Amino acid sequence: MNNTLSIFNEIVSELLQDEKINPVSKHVPVDELYETIDLSLQEKPISETEFKSTLKSLVLKSPKTATNAFFNQLFGGRNDKAVLGDLLSVMLNNSMYTYKAAGPQIGVEKVVIDKVCEVIGWGQNSNGTVAPGGSMTNFMAMLMARDAKNSRAPFEGIQHNMIIYTSTDSHYSVPKNAAFSGIGRNNVRYISVDSYGKINTEELEKTIQEDIKKGLVPTMLNATAGTTVLGVFDDIIALSTICEKYNVWLHADGAYCGSVIFSTNYKFLINGIEKVDSFSFNAHKMIGTPLSCSLIVVKDKEHLYNSFSNDASYLYQTDHDEFNLGKTSLQCGRRNDALKFWTLWKSVGTEGLEKIVDKQFELADVARNYIKNNSDYTLYSFENSISVCFNYKDIPAKKICTLLYENSKLLVGYGTFGDNEFIRLVTINAQNKKEDIIGFFKVLEDFIEYNKELF
Ligand code: ABU
């Protein structure tokens, strides 16, 4: 193992050096992938030297997500204390279903979940768990909503036409989860959004009333705290009033921006979060832990047991079920994804998490101001969002993003809102500085200036 760890250190040192010189890995076109890196598997073992050199090649040619040139998705950067926690979780290889198999690691997850519930303002009756990503925590919410509506559903299957409500700008996991849960994709109602991208509450209420008249069963509303494109927050307080009135489970999908709960300045964006039935957020997004670390918390922990607990005499062989986390999780075998969040939180404190969140909004302000002060740009997104959406010189966004990628300059994506397609710059890497954001625009402008023939 020590020898292998020294290979790990050697490769990682080289990667860290390389990231400084080449913040974007050279683009490997799909049709050249297998010629560029030897990924083949063969019958016989290979030498240590060949093994190491292949691994290095693989690592150095993979997209770099921790540098100041990665803005493509809703994560980025590298937090050393969180990486340490994740590496230790791999080394320990505990499985989180029982206290017997994970011991103090169970305490780590429980402390993280309890602290999140405390930050929300919930008491002892709340609880939560960790799952491999926002799609999965949203799925857990839908299953709990289904079972809360009809406690026979987990035993007999869906008996009624249950209906799910979500906005047109919500995450794509909602229809997938409706299919997985047996509720069905056709039973998802997509409610339109206003000019800022927030779900229309009047249309929502009207749709619920129409469904009730048809004898359908309104079951869950999926609210969004940070839509994937514009980074907009639905109005939780208004939605909670509607959900209470019609007995609809309210889930807040905060995968992208739910971490604003840690910020005194920005938690107003999810005012009323204590009123929801369930809330999920990804620490691997705004908090900056390595992938993946998605948390779901519920106001009433009974729902977790009702939907996810199952006896298994070969597994649960000790008492104290509160510490046998398999009773409340989606998976059976499950790594400790809470440890990376805990190591970070332990080292920087809640104040440190607040700084991480606030920095992203500061960087977004830098980007928005740059755009507003330069007439070559058009801005499409709004204040209090870490998604900065824009076009440059009316050049199609897709064309700019694709050429920047293929020429190994920057990784950034594009999105749409209404009839507009634009570049989406996500300032989620709190390790970036103001200069990195200005640098992003300079790289983009220079690339277009010196490659006019491509545009
Ligand atoms: N849930 C991941 C969303 C990815 C993206 O919008 O970039």
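Trainee: Why is Tyr377 called buried?
Mentor: Its relative accessible area is 7%. Buried means under 20%, exposed over 50%, and partly exposed in between, with a 1.4 Å probe and protein chains only, so Tyr377 is buried. Tyr392, at 4%, counts as buried too.

Trainee: What do these values rest on?
Mentor: This is a predicted model, where local features need pLDDT of at least 70, side-chain atom pairs count only at pLDDT 80 or more, and totals for chains, interfaces and linings use all residues. Residues are numbered from 1 along each chain as its sequence is written, and side-chain values use heavy atoms, with hydrogens and water left out.

Trainee: What makes Tyr99 and Phe323 an aromatic pair, and which type are they?
Mentor: Rings of Phe, Tyr and Trp (its six-membered ring) pair if their centres lie within 6.5 Å; planes under 30 degrees apart are stacked, over 60 edge-to-face, the rest tilted. A search of the whole structure gives 22 such pairs. For Tyr99 and Phe323 the centres are 5.8 Å apart and the planes at 90°, hence edge-to-face.

Trainee: How do you know that this pair links distant parts of the chain?
Mentor: Tyr99 is in helix α5 (residues 99-102) and Phe323 in the loop between α13 and α14, 224 residues apart. Helices (H or I, at least four residues) and strands (E, at least two) are DSSP runs numbered from the N terminus.

Trainee: Why is the pair of Tyr377 and Tyr392 called tilted?
Mentor: Their centres are 4.7 Å apart and their planes at 45°, so the pair is tilted. Tyr377 is in strand β9 and Tyr392 in strand β10. Both belong to one aromatic cluster, which also includes Phe390 and Phe440.

Trainee: What makes Lys110 sit over the ring of Phe323?
Mentor: The rule asks for NZ of Lys or CZ of Arg within 6 Å of the ring centre and within 35 degrees of the ring normal. The charged end of Lys110 is 4.7 Å from the centre of the Phe323 ring. Lys327 lies over the face of Tyr316, at 4.4 Å.
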